[in-house]
Each structure stands twice: as C-alpha cells, then as structure tokens.
Amino acid sequence: MKRILIIDDAATVRMYHRNILEAAGYIVEEAMNGIEALEKALQNPFQLYIVDINMPKLDGYGFLRELRSQDIDQAPAIMISTEAEARDRTVAFASGANAFLVKPVKPDQLLVNVKLLIEGVA
C-alpha cells in the first residue's frame with residue numbers, strides 16, 4: 001500500500017485531498033507545515049508528498065529543498081497552490097517538485113498525477 005503525506009496548513013484542503021486519495025486506496029497522513037512534514041519524513045519516508053507553498057514555520061519550497069538537500073527522501077512531490085504565475089512553477093521545480101497543480105484541484109487531475117508519479121501510469 002502506497003503512503004502519501006499531505007502538507008498544507010488548511011485543514012479543509014487536507015481533508016479534501018485525503019478523501020480523494022483514500023477512496024483510491026492510498027494510505028494518507030497529514031502535516032500542517034514543512035517542519036512537521038520533515039519530522040514525519042525522517043521517521044518513515046513516504047512514496048509521495050503533496051505540498052502547499054504558503055505555510056507557517058517552513059513553506060513548501062523550504063520543505064522540498066530540505067528534503068532533497070539532506071538526502072532524506074527522493075520520493076516525488078506534487079506542489080499544489082493558489083499561486084499560478086510562471087515564476088511560482090519555476091521556483092517549485094527548482095525546489096524539487098515533480099509536478100505543479102493550481103487549487104482548486106479536480107479529483108481526476110489529482111489522481112492522474114499521483115498515479116503517474118507513484119506507479120508510472122496515468
């Protein structure tokens with residue numbers, strides 16, 4: 001069973017993504033910010049990270065840079081944000097994201113990206 005960590009400071013967004021992913025058969029855990037996510041990743045790495053950009057304590061860019069720079073985990077990451085400018089995508093990919101989606105994300109759009117990154121099929 002594939003494990004996914006959702007990192008977002010908004011409980012409603014985490015619940016929305018959790019419901020979609022659990023209905024598709026994934027095991028889902030949550031973190032409210034990048035610091036909490038790094039602690040969870042150190043304890044038990046995940047197969048995929050879904051990461052918001054704007055969060056308190058440590059934002060999504062910082063989380064991915066830390067995750068990648070310390071060789072903690074090289075699992076794929078989807079960055080999800082309301083920020084839709086080309087610059088945001090560029091910074092996300094430079095920080096270590098493998099995909100970038102703009103909120104609100106449709107369930108089929110999320111699942112296609114998750115399956116592609118985890119299983120190699122859409």
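Which strands does helix H1 lie across? Hi everyone, let's start there. Helix H1, residues 11–23, lies across E1, E2, strand E3 (48–52) and strand E4 (77–81), and it runs at about 165° to E2. Angles here run from 0 to 180 degrees between N-to-C directions, with axes fitted to C-alpha atoms, for helices over the stretch in contact. Helices (H or I, at least four residues) and strands (E, at least two) are DSSP runs, numbered from the N terminus.

A word on the model: it is predicted, so local features need pLDDT of at least 70 and side-chain atom pairs count only at pLDDT 80 or more, while totals for chains, interfaces and linings use all residues. Residues are numbered from 1 along each chain as its sequence is written, and side-chain values use heavy atoms, with hydrogens and water left out.

Now the sheet. Its five strands form an open sheet in the order E2-E1-E3-E4-E5, with parallel pairing; two strands pair if DSSP finds at least two bridges between them. At the edges sit E2 (27–31) and E5 (99–102), each pairing on one side only. From one strand to the next, the twist averages 20°.

E1, residues 3–7, pairs with E2 over five bridges, and arginine 3 has isoleucine 27 as its bridge partner in E2.

Alanine 31 counts as buried because its relative accessibility is 0% (buried means under 20% relative accessible area, exposed over 50%, partly exposed in between, with a 1.4 Å probe and protein chains only). Beyond its neighbours within four places in sequence, alanine 31 has contacts (heavy atoms within 4.5 Å) that include Leu5, Asp8 and Arg14.
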